[in-house]
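Here are my notes on the model, as promised. Have a look at it first, then go through the points below.

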Amino acid sequence: MTSLRPFSALDLFSFNLTNLDILTENYDIKFYLSYLARWPTLFTAVESPEKNLMGYIMGKTEGRSTDWHGHVTALSISPTYRRLGLARTLMNELERITQDVADGYFVDLFVRVSNRIAIGMYRQLGYSVYRRVVGYYSGDGGPGNGDDEDAYDMRKPMKRDKLKASIRENGENFRVQPEDVYF
């Protein structure tokens, strides 16, 4: 049976197949370990009955006051295991922890505007575009080289956000610069 479990430092030696995707952001080992040390309950792996890593979600909590929220830093499913609902399962777990443990107002994430499949999945999960971050993802030539890509900041309100203040209509048309995104 497929199971969720806490991500461990040893998983860093076996998650290459999960991360080998043009749309998956890759970080250095120090970055993964810092998340594992600081937000271990928001770093979850899904594994097969044979104990193969099928995917993971890496998140954190951040913000102050009504900006207190859960953030999805990375969500990746190995190509072999896609279209099985594993991303939904991992997102549900991060949302549960954000809502029931951290008492957050919303969950947010950034996704490339060209990643239509992911955007569609997040919309099915109840996320909407809050704003468009211009040039958020650096292109091959590095930041400011003209081949940067925009990101959508997508959000889903949690039950604590009774007024739904964390979302807005037509967020695709609300453009900000990366330096304007902070919590």
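Which residues are buried in α3? The points below start there.

1. Before the details, a word on the ground rules. This is a predicted model, in which local features need pLDDT of at least 70 and side-chain atom pairs count only at pLDDT 80 or more, while totals for chains, interfaces and linings use all residues. Residues are numbered from 1 along each chain as its sequence is written, and side-chain values use heavy atoms, with hydrogens and water left out.

2. Now α3. Its buried residues are Leu-86, Ala-87, Leu-90, Met-91, Leu-94, Glu-95, Ile-97 and Thr-98, where buried means under 20% relative accessible area, exposed over 50% and partly exposed in between (1.4 Å probe, protein chains only). An α-helix has 3.6 residues a turn, so residues three or four places apart point the same way. Helices here are DSSP runs of H or I with at least four residues, strands are E runs of at least two, and both are numbered from the N terminus.

3. Helix α3 covers residues 86-101, and its 16 residues should span 22 Å at 1.5 Å a residue, which agrees with end C-alpha atoms 22 Å apart. That expected span is 1.5 Å times one less than the number of residues. After α3 comes Asp-103, with a positive phi near 55°.

4. Take a look at Ser-76, in strand β4 (residues 69-77). Ser-76 counts as buried because its relative accessibility is 2%. A polar atom of the Ser-76 side chain sits 2.7 Å from the backbone oxygen of Thr-18. Leaving out residues up to four places away in sequence, Ser-76 touches Thr-18, Asn-19, Thr-24, Met-54, Gly-55 and Tyr-56 (contact means heavy atoms within 4.5 Å).

5. On to the largest pocket, which is lined by 39 residues; Leu-23, Leu-75, Asn-115, Ala-118 and Tyr-122 lie nearest its centre. Elements giving two or more residues to this lining include α2 (29-38), β3 (53-62), β4 and α3. The largest share, 7 residues, is from β4. A pocket, on a 1 Å grid over the protein atoms alone, is an open set of points where a 1.4 Å probe fits, with protein on both sides within 12 Å along at least five of seven lines; lining residues have an atom within 4 Å of a point.

6. Last, Gln-177, in the segment after β8 (175-176). Gln-177 is partly exposed, at 36% relative accessible area. Gln-177 and Val-134 are 43 residues apart in sequence, yet their C-alpha atoms are 5.3 Å apart.

Conventions: A polar contact is a pair of N or O atoms within 3.5 Å; within protein, one must be able to donate a hydrogen and the other to accept it, and residues adjacent in sequence count only if both atoms are side-chain atoms.
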